[in-house]
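Notebook open, viewer up. I want to go through this structure piece by piece and jot down what I look up.

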Amino acid sequence: MTPLRHYLFIAWGLSSLFGCSEADPEPEIFTAVTYNAGLATGYVEAADQRAPKTTSQVIALDADLLCVQEYWNDDHLAQLKAAAGNAYQGVNTLDPQPGDTGSAACAPGDVDELYACAETQCANLCTDDLTNCVLVNCGGELAKLNKDHMGCYGCLISNVGNELSLIKATCESQSTEYAYGGSFGIGLLTKKLPISTSSKVFASALNR
């Protein structure tokens, strides 16, 4: 066999092996979506009211891979899992890690000035409006508490979404290191089951 014929024979063999054709097949489409739902109760407006509609709309995107953020509360996460139904075989979330919940973060009297201000300026507000009201009207008391009693300040901030009296009672009896019970607020949904999963938790403050 001459060299030319030899090379032509090899080329024909390779083309047969790899299935060359006149028209390449259409590539398979893979879609991925990331969405911040903003369901931070007590911080982002109308989180509880928006959760069902937001969840149904996100699932309706019908992506192969769907990554969601700010699904902090158990009930919102349950809505997401229920809405995923059979459309997503893989629904991956991280269990909450509440962190330090030991001895009282605030000593008696630590929060009296802030609590008095909040009671005066923000009484009878719903939890959606409470956080912003305290930040706007009691900023001086918050700053003083952060300077003098940082652990107490962190506990109060981490109880976002609760009523004033409950926040005060909680931090005067125990610690709260992370908001929403240490929830990570994230979920990863896949149309097919993943082969394996793993996670790495980074250091953080106030929120996981």
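**Entry 1: a pair in α6.** I started with Lys144 and Asp148, which are four residues apart in helix α6 and therefore separated by about one helical turn. Their side chains meet in a salt bridge, 3.4 Å from N to O. By salt bridge I mean a side-chain nitrogen of Lys or Arg within 4 Å of a carboxyl oxygen of Asp or Glu. Lys144 has a relative accessible area of 43%, so I put it down as partly exposed. Asp148 is partly exposed because its relative accessibility is 41%. My cut-offs: buried is under 20% relative accessible area, exposed is over 50%, and partly exposed is in between, with a 1.4 Å probe and protein chains only.

**Entry 2: ground rules.** This is a predicted model, where local features need pLDDT of at least 70, side-chain atom pairs count only at pLDDT 80 or more, and totals for chains, interfaces and linings use all residues. Residues are numbered from 1 along each chain as its sequence is written, and side-chain values use heavy atoms, leaving out hydrogens and water.

I checked the confidence next (pLDDT is the predictor's confidence in each residue, from 0 to 100). The mean pLDDT of the protein chain is 88, with 89% of its residues at 70 or more. Residues 6-11 have pLDDT below 50, and this stretch has two contacts in the model beyond near neighbours in sequence. Contact here means heavy atoms within 4.5 Å.

**Entry 3: the overall layout.** I found eight helices and four strands in the protein chain. They are DSSP runs numbered from the N terminus: helices are H or I with at least four residues, strands are E with at least two. The pattern along the sequence reads α-β-α-β-α-β-α-α-α-α-α-β. Of the 208 residues in the chain, 31% are buried. Taking contacts between residues at least 6 apart in sequence, 75% join residues at least 24 apart.

**Entry 4: the cores.** Which residues have the most contacts inside the largest nonpolar core? They are Val111, Leu114, Val134, Leu145, Cys152 and Leu156, in a core of 18 residues. I count a nonpolar core as a set of buried Ala, Val, Leu, Ile, Met, Phe, Trp, Tyr and Cys residues joined through side-chain atoms within 4.5 Å. At least two residues of this core come from each of α4 (112-121), α5 (127-137), α6 (139-148), α7 (150-158) and α8 (164-171). There is also a second, separate core of 14 residues, and Leu39, Ala51, Leu77 and Tyr88 are among them.

I then zoomed in on α7. Its buried residues include Cys152, Gly154, Cys155, Leu156 and Ser158, and their cover includes α4, α6 and α8. Leaving out residues up to four places away in sequence, Cys152 touches Ala105, Cys106, Asp110, Val111 and Leu145.

Entry 5: Is Tyr88 buried or exposed? Tyr88 counts as buried because its relative accessibility is 2%. I located Tyr88 in the loop between α3 (74-84) and β3 (90-93). Not counting residues up to four places away in sequence, Tyr88 touches Ile59, Asp62, Ala63, Asp64, Leu66, Leu189, Thr190 and Lys191. Tyr88 and Ile59 are 29 residues apart along the chain, and their C-alpha atoms are separated by 9.2 Å.

**Entry 6: the other salt bridges.** The structure holds three salt bridges. One of them joins the side chains of Lys191 and Asp62, 2.9 Å from N to O. This pair links distant parts of the chain, 129 residues apart: Lys191 is in the segment after β4, and Asp62 is in the loop between α2 and β2 (65-69). Asp62 is partly exposed, because its relative accessibility is 46%. Lys168 also forms a salt bridge, with Glu172, and the closest N and O atoms there are 3.2 Å apart. At a relative accessible area of 29%, Glu172 is partly exposed.

**Entry 7: Ser199.** I found Ser199 in the segment after β4 (187-190). Ser199 counts as exposed because its relative accessibility is 54%. Ser199 and Thr93 are 106 residues apart in sequence, and 10.0 Å apart in space from C-alpha to C-alpha.
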